[in-house]
Each structure stands twice: as structure tokens, then as C-alpha cells.
Amino acid sequence: MSDAAFLDRLAAIVGARGLVSDPADQRGYVTDWRDNYLGTALAVVRPGSTEEVAAVVRACADAGVAIVPQGGNTGLVGGGMPHETGREIVLSLQRMNRVLEVDPLGYSMTVEAGCVLRTIQETAAAHDRLFPLSLAAEGSCTIGGNLSTNAGGVQVLHYGNARALVLGLEVVLPSGEIWNGLRALKKDNTGYDLRDLYVGAEGTLGIVTRAVLRLWPAPRDRAVAWIAVASPAAAVELLSDAHAASEDNVTSCELMGRQGIDLVLRHIPGAADPLAGRHDWYVLMEWSSSRAPRPGANGSGLAPAMEAHLGAAMETGLVLDAAIASSDGQAKALWALRENHSEAQKREGPSIKHDISVAVSRLPAFIERGLAAMHETLPGCRPVPFGHVGDGNLHFNCQSPEGWDKPRFMAHAERISGAIYDLVVDAGGSISAEHGIGRLKIDELAHYRSRTELDVMRAIKRALDPANRMNPGKVVRV
Amino acid sequence: MPDTAIPTIPTEPVTPALLAKLREVVGDKGLILDDAAKDPFVTDWRGSLKGHAAVVVRPGTTEEVAAVVRLCHEAGVAIVPQAGNTGLMGGATPYATHTGIVLSVQRMNRVLAVDPVGYSMTVEAGCVLQTLQETAAAHDRFFPLSLGAQGSCMIGGNLSTNAGGVQVLRYGNARNLVMGLEVVLPNGEIWNGLRALKKDNTGYDLKHLFMGAEGTLGIITKAVLKLWPAPKDVCTAWLAVRDPQAAVEILSEAHAASEDNVGSCELMSRAGTDMVLRHIPGTQDPLKAETDWFLLLEWSSSRPRADGAEGMSEKMEQFLADQMEAGRVLDATIAQNAAQARNMWTIRESVAPASRAEGPGLSYDMSVATSRIPEFVTKGIAAAKEILPSIRPYPLGHIGDGNLHFSFMAPVGMDRQTLHQYSPAITRAINDLIRDFSGSISAEHGIGSDKVGELEHYRSRIELDTMRSIKRALDPRNIMNPGKVLRV
């Protein structure tokens, strides 16, 4: 089939507004948001329904054309980016953005893959429910991409990763057939767990088109504290005790080093240090509960319980100083210090990112070794570790030495990353805790995972996508 | 329908040469050849299925499991993996035509590491569930998986079947309680996925594929389990409720009222409760209410009651008063001590033994979306009564999970044989209804050999094809628990 005939067939399926053929209009679909990749595509196709997705996939199967599925295009590892060959199509789910059903009593919601995460959060809130997935890109990322990459975020500690937030899926398979696994079931032991195979597969096994999401009660009581701790070990211990002290209501626990705070204070207008003294390590802890504090009830509510917990921890020396937010505005300001780390790093200059995880109790030793390894590999570099201590997941980032430009720094990037990843693997950890593999880490994965594990993944890929047309060259090479 | 067509399975025999090699790997104490000694391994615990095996092999380590599997793989000999042998669907019981081995992980029963600060525990597959609960408790932690067979079932089997139980509402199914696995693959290679990580987005999630695969894709040999803070303040209540709709609404509001501390929420009927009171010595009726429906509601918190502060029981009391006012709760009692709470739980947990004492019956382990439970109960009872008007329904179960054990006693005086004349039609009617509700015909118990035919009947060709593709890709010789879950 000629390219023109193929494009005609696509246009017949999705209509004129479903096909983006102008290269200028395609740009937003073939470059990633950090501008690390610039791909080209035979076409950008935007189907409006599951049936159209299936028809497009079948047309691609007939024409031998590979497909790059794409959601909000906010990924960090190039998983939604076409290669430079120009022989792939980008299949964008953006037009499939309807919330199909909300079941507040059953705590579930059925949505199309192109729904923006924030829309879903707001829809849940309008029904007095919570959809807990929350991450920096929530204003533009879409749920199909969140599920395909098993997104993390700041509430994983309490609610789990994206895969823990989904009950059922509808997936268009590489053959163009539709798998209807759109079941709103909390329990279903009928054969292999296909849902969890598609979640996190980054579009290499099929295209998620709809999902049944789980909902939770809306929070009614919240306590947020900014805590200076003696060390990362103190942070882990503080969290370990906080589970019981909060009645299992710890929803976030974020660790930050002083270096990151200094960058935020320098680059983000309006940012202010919540505590008077300078400390090496900080924790942002949030507790939340769906039960409103009852006025008058003695000792009721989360803020008094948190105060007691932190007071006790100060006596034992785990906590050096702390401030509990007394208003929503203050809580927001504390969160802004955490959430502006990436932006502040970007404004400071070149940096490299490592999205790693280890067992929570091994985190302190890992941080110590990791910092030493960075300094040893490139004296003068400025480590900026921060992240989700409760998940054992750190963004173990590294800022260039003062005044260096990007090329000069990037010449050392591979050695720094290699040193960090070696330590991660020694500690039994993960070289991609949240962000996935995509294009960026495909070689790293091949390097660090056992042949047995890679063989099993390849066997699955070959079995479900024998022609290798679904997001080829991502996650694992076949 | 009861499945009459036995799947085609490999029938390579265990030759004397292979037996000698197996003996080299596991030694004499790892082999059972005697028919009488093999009997418990080839019979399911209810005694309703009896199969055959040339030999029962009991390796002591992962390396021994791998060596045994490699030998079977080379020879094309089929393997039935088995842990505590408490399954309800025949998944661990060999077929009568099985000429291969049963591989029992019973000897691999060590707790390898407990990490209280990291809230995790690394164990071998043959650990008895109750031992793991006790080990966690000894470290002031909680391993929440809890089910009737916990004194004899083993964690390898729990994970391979993605077991459920009475704490799923809060903590999730078995698959939610796991961080990492070690699995011996059908070719005898060892997959080391024994990672104590809460987050790991590096390729396909193999862990979830092996869990719930009922040993058809590999043998789980070790696991890293998640732990939780130990419960310190528990409140158990027995509620007479208006109807199942009221029960669903009560649960929906209980989440917030308890600050997300609802541990269990079990629906019971008057008929089921009476059956337990009739047959189980020492049980007492918590409420003498003349109502058809009861709810066992338990809230638990890991925070000890502080002096003067509200505990779980004060919160529960206030909640129940609100619910009575709303007309959902007709009467209720809160357990005042451990013995009263124990009595409530004994009633719930004794339904299975009581039903065996009562006589013949039928039970369906089904799930639908939680909010559709009330409608399903009404329609399901009507469907069964249309076929057998005097059948006695006593649905019960995990209403918060949308999972009921949709159960019936035979009409008074009817024997098993007569009931079985009606059961195929009732099964078809109930399972059709489950399909119409987009539900599951096996919420907890799995497929095993018992429901292979039902799964084929109710799942789409596309879904079955996908499962078969995975099975063929990972077990091309079809030696790993062949004929269970799927026919390839």
C-alpha cells in the first residue's frame, strides 16, 4: 500500500479533523516536553472512539506500519515519542476525553483514556470522592498515559501506584481486536491478570482506551508539617512511627536536602524558608483523613495528633525543628517548596536525573554512598536528592558544578549515572521507580536486568505483538 | 457446568532414569513413592477429587526446585505445583491421567528476613499463613491476609491463587500484599524478582502475571511481603440492617466515619446465622432481631486509645446512632470484650462447616460492582427459586469487595442426588446473571480444574486467546500445571 493510500484509509476512519498531516501542527506530537527528542511521523492520528482506534490499528497492521500510542505527552523517558525514521504513526488519545460514568456509592468511575488527570480529580471531588493520583503534570497528562506508565506521584505511600487505582481496562490489541476488561470488580480470579500486564507496558502491548478507576472518600481533615530532621535515617524512623500515630493516615512523606531548598529559595519568587535555622535534611509530611474534626471533641482531629507525634520525636532527637501549617495557604506554600524542585533545578542550569528506588530501610545507607559516589566521580558537582521517602523512591539528581554549561557537564553524565545505577543495583533497587523505560533507559534496562527476566519480557512481547508494531523500540528490544 | 472433557495434558512418564536423577537432587527424604503416603498430595482437601502422580517431589531449596523443573522440562514430564493443598477448585490436584510429578514446596518453610522499619518480610513459599501472621505480630507488625484455611494453607499457594479473605476491603487481595517474588520458570531458570521495592517501573510487571496464574506459568519459591502497623484499637459490631441496599449505603458512609479504618464488612442472613447457631456449639445469637439481614462491621486502628480521646468504639457508637436515625440500621450491638467479638467472627467463619452439617447445598463465589450487590441478590434468588422454588438461599460475604458467597441449602429433606438434578440449571442461571452484571464467576477461589469449562464459556475469545498466547510463550512444552485455568 502506498503512503497516500494508507493515509486515505486513515482519513476514512477518523475523518479530516482526526488526521494531523501538516508538519507544523504535528510538532507538539513528535517532540517531548523537555525537548530531548525530535521524532518524525508518517501521520498523527486522533481517533474519537475505541472503534476508531481499533480500525486504525487494523489499518496499520495491514500496511505494516508501526504505532506510537500517546496520551498527554508528558513522559520523561521518550516512551510516547516516534523515532526519527518517519515510518511510524503517532496515535493520540486526546480526543477520547469523556467521563462515561461516576458511581459514588460503588466508589468507581469509568473514563476514556484521553481524560486529563485534573479533570478526573475534579470530577471525583464534585461527587464528594477522591481520585488520589497526583503529580506535577496533572494539568496536562492524561489517564491513559498515567496507566500505561504506572505513574507514581506524591500519594503513592497511602494509595499505591496508578495500577492500584484501577479496577478494569479496555485495550485495543496489536491485532486491532478490542479486549473488554472494563470490569468494575474488586475481586476477579478468572485467569491471568491481563490488566496488570497492560498497566506499565508503555503502550508496547496494546493501547489503553478506557478504564474503570477506583475512588476514595474525599479528605475532610488535613495536617501538613515542615520538619527538620537529623538525617535520612531519622526521616525513615519518623515515618515508621507516624503510621500508627496518625491511625494509618500518612498520605505523603517527602524528603529534601538543603541543596534543593537553597535552589528553590534562590529561583522561585515568593519562596520562603519555613524554619529559622539551617538544617541538612527536611521532611514534608502530610496526614489526611476523610472524617471531619468534630468541634469540642477532646483531642479530635489530625493537627493535635501530629503535634503530639512531632513533640515526642523532638524529645528523642529525631526531629530538630518543625512547623505545622495553620492554614490552607501555609500548607500550599510548604508543598510549593517541594514541587518547585524540578523548576528550580532547571533555572539553576544543567542537571541529570535519576529516578531510583530501594527498600525503605536501606535508603539512608544508599544516600550516603550515592552522595560520596557523585562527589568522587565529579568533584564540585552538586547533588540534589529529594523524593518520596515512604516509597523508597528518590529523585537522586545532580546539578552541574557552578558555572558549567550543558555540554561540559553532560560529558560526565554517563559516568555519574553509571556510578549511581551500580549502587542501586547493589542495593537491590530499581533504576526507574516511576518514570518507566521508554527510549531513554532501554539500554540501561538491558544492562542491569538478568537475561532470564529480559527473555521472559521478550517472550511476552513476541506472543502478544508478533509483528512488533506496537511502540517498537521502547522498553525492551525484541 | 461440571466439566466432563479433561484437557489434553503431556503424558510422558517418569522413567527409572529420571527418578534416579530426581533422587540425586532432593535425596530420599524429598521423594514420596509409596501410594498411601502420596495419597494426601493427590487428593484435594474436601476429598472430592482424586488424581494420580508417579512421584511426589519435595525440594528443600529454590535451587532444588529449579533442578527438578529442569529435569522435567528436558523429559517433557508434567508438574503439578502444590503448597498447603487447601484450594477449592482443584488447581493443586493432579488429574487422574497425570503421569508426571507433584512438586510440593512444603519443606521450604523458612522466614528469611523481617524488616519492621521497612514494613516487609521475606519468606519461602512453604510458610504456613498463620506462622507469617504470628511472625509479623511478634515484630509489632501486621500481615493482613486472613482466611478460613490459615492454619494449613501456605503463602506460595495464597499468592499463586491471589487469595482473598476477610481483610481485602482494607488491604487488598494477596497480590496487593507483595513487593517481590522469586519464581522458577517452566524451563528451570530462576527469575529473581525478589525486590523489596514499593516502586519499580522497569518493564512488564511479571510479578502480577505469576500471581493468580495458579502455578501454570511457574513456581513461586520466595516472596517479599508487605507489612502494616499492628492494630491496637479494634471495634466489632453486629448490625441488623434493613436490606442489602442499606448495607451498601452503611459501608459507603462508614469509610469517612471511621477515618478510613473499616477493616471488614461482612453481610449475613438470618437463615445463615440460624444455620450456624443450630450446628456450631457455643455460638450465641448477638441480636434476637426478627430481620432477614445482618452486617458484621469491624473498624480497627493502629493507634492505641489515648486517655480522654475518642477511640474506635465511640466513633462506631455515634455512627450507628446516625444510621439508625436514617433507617438503615434496625438494631445493633457493639462487642464489649474480646469474647463477644470472637463470637461474632465465629458465626461468620462457621458458615462453611455449618452448611456441611446442614446437608447438601450449592455455592457460587461471585463478584459484581459493589453498588450492584443489592440488585444481584434479588435477581439471583429469584432465578434460583424459579428452577427450584423451595431452595433456601443464605447469601453471605465480603460486601465491600462486591464479593458474595452466593449460597443455597437444598430444600428441607432433599438429598444430594436429587439436588444435583437441579444444580446444572441453577449454575447456568446464576452464572448467566453474573455475566449480565459484568461480574466475575470466580472472585476469590480461582479456576483450577473445576471452572476451566465455565471460563471458556463466559470469557471472550479475545481474552482466552491472549491468555493462551502468554501460556504458550512462557511454557511452550505445557508441563507446568497443564490443563488448569486454560486449555491450550
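User: In which sense do strand β2 (residues 55-57) and strand β4 (residues 101-104) of chain B pair?

Analyst: This is a predicted model, in which local features need pLDDT of at least 70 and side-chain atom pairs count only at pLDDT 80 or more, while totals for chains, interfaces and linings use all residues. Residues are numbered from 1 along each chain as its sequence is written, and chains are lettered from A and ligands numbered from 1 in the order in which they are written. Helices (H or I, at least four residues) and strands (E, at least two) are DSSP runs numbered from the N terminus, and two strands pair if DSSP finds at least two bridges between them. Over three bridges, β2(B) and β4(B) pair in the parallel sense.

User: Which strands are at the edges of the open sheet of chain B?

Analyst: The sheet has four strands with mixed pairing, in the order β1-β2-β4-β3 of chain B. V55(B) has I101(B) as its bridge partner in β4(B). An edge strand pairs on one side only, which holds for β1 (31-32) and β3 (79-82) of chain B.

User: What angle does the direction of helix α3 (residues 62-75) of chain B make with that of β4(B)?

Analyst: Axes are lines fitted to C-alpha atoms, for helices over the stretch in contact, and angles run from 0 to 180 degrees between N-to-C directions. Helix α2 (residues 35-42) of chain B lies across β1, β2, β3 and β4 of chain B, at about 70° to β4(B). Helix α3(B) packs on the sheet and touches β2, β3 and β4 of chain B; with β4(B), its direction makes about 165°.

User: Which helix supplies the largest share of the side of chain A that touches chain B?

Analyst: The contact takes 78 residues from chain A and 79 residues from chain B. Elements of chain A that each supply at least two residues to this side include β9 (178-181), α7 (194-198), α8 (232-245) and α17 (451-464). The largest share is nine residues, and it comes from α17(A).

User: Is K187(A) buried or exposed?

Analyst: K187(A) is placed in the loop between β9 and α7 of chain A. Leaving aside neighbours within four places in sequence, its contacts include G164(B), D401(B) and E444(B). Because it has 22 C-beta neighbours inside 10 Å, K187(A) counts as buried.

User: Which helix gives the most to the side of domain 1 of chain A that touches domain 2 of chain A?

Analyst: An automatic or database domain assignment gives the bounds, with domain 1 (3-92) and domain 2 (99-217) among those of chain A. The centres of these two, taken over C-alpha atoms, are 22 Å apart, and 14 residues of domain 1 of chain A are in contact with 22 residues of domain 2 of chain A. With six residues, the most comes from helix α3 (residues 50-63) of chain A.

Technical notes
Two residues are in contact if their C-beta atoms, placed from the backbone, lie within 7 Å. A residue is buried if 20 or more other C-beta atoms lie within 10 Å of its own, exposed if 12 or fewer, and partly exposed in between; C-beta atoms are placed from the backbone.
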